[in-house]
Amino acid sequence: MKNNDERSRYKITDSHRNQTFVAVVRRDRETDAWAWQGHIDFTDGQNFEFSSQRSFLTATEAEDYLRRFACARIDNKLNQ
């Protein structure tokens with residue numbers, strides 16, 4: 001199996017505080033930069049869609065930022 005940096009697109013499904021988030025991390029073949037988009041399915045029935053506003057040099061960097069973003073958004077919603 002190829003590592004994340006060798007694939008041009010892959011899906012992440014994870015959860016934080018029992019809230020599921022799903023995202024796709026993909027590499028732009030022209031610029032070789034990585035970006036992501038996804039959504040959070042809150043248990044109260046609300047959904048939140050998001051996408052990166054910047055690009056990243058590696059898939060690992062993009063994935064790390066994605067996970068921090070999703071967890072922060074979940075924490076923000078649940079702490080309201």
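**Entry 1: Ser 8**

I began with Ser 8, which is buried at a relative accessible area of 18%, since buried means under 20%, exposed over 50% and partly exposed in between, with a 1.4 Å probe and protein chains only. The model is predicted: local features need pLDDT of at least 70, side-chain atom pairs count only at pLDDT 80 or more, and totals for chains, interfaces and linings use all residues. Residues are numbered from 1 along each chain as its sequence is written, and side-chain values use heavy atoms, leaving out hydrogens and water.

I located Ser 8 in the segment before β1; helices (H or I, at least four residues) and strands (E, at least two) are DSSP runs numbered from the N terminus. Leaving aside residues up to four places away in sequence, I found that Ser 8 touches Val 25, Arg 26, Arg 27, Arg 29 and Trp 34, where contact means heavy atoms within 4.5 Å.

**Entry 2: Arg 29**

I then looked up Arg 29, in the loop between β2 and β3. Arg 29 counts as exposed, at 66% relative accessibility. Its side chain makes a polar contact of 2.9 Å with the side chain of Ser 8. A polar contact is a pair of N or O atoms within 3.5 Å; within protein, one must be able to donate a hydrogen and the other to accept it, and residues adjacent in sequence count only if both atoms are side-chain atoms.

**Entry 3: the sheet**

I traced 4 strands that form an open, antiparallel sheet in the order β1-β2-β3-β4; two strands pair if DSSP finds at least two bridges between them. β1 (9-16) and β4 (47-51) each have a single partner strand, so one side of each has no neighbour in the sheet.

Which strands do 8 bridges join? They join β2 (residues 19-27) to β3 (residues 34-41), and these run antiparallel. Val 24 stands opposite Gln 37 in β3.

**Entry 4: helix α1**

I turned to α1 (residues 59-78), which has 20 residues. From first C-alpha to last, α1 reaches 28 Å, close to the 28 Å expected at 1.5 Å a residue; the expected span is 1.5 Å times one less than the number of residues.

Which residues of α1 are buried? I listed Ala 59, Ala 62, Glu 63, Leu 66, Ala 70, Ile 74 and Lys 77. Down the axis of α1 they fall within an arc of 95°, so they line one face of the helix; the arc is that of the directions from the helix axis to the C-beta atoms. These buried residues pack against β1, β2, β3 and β4.
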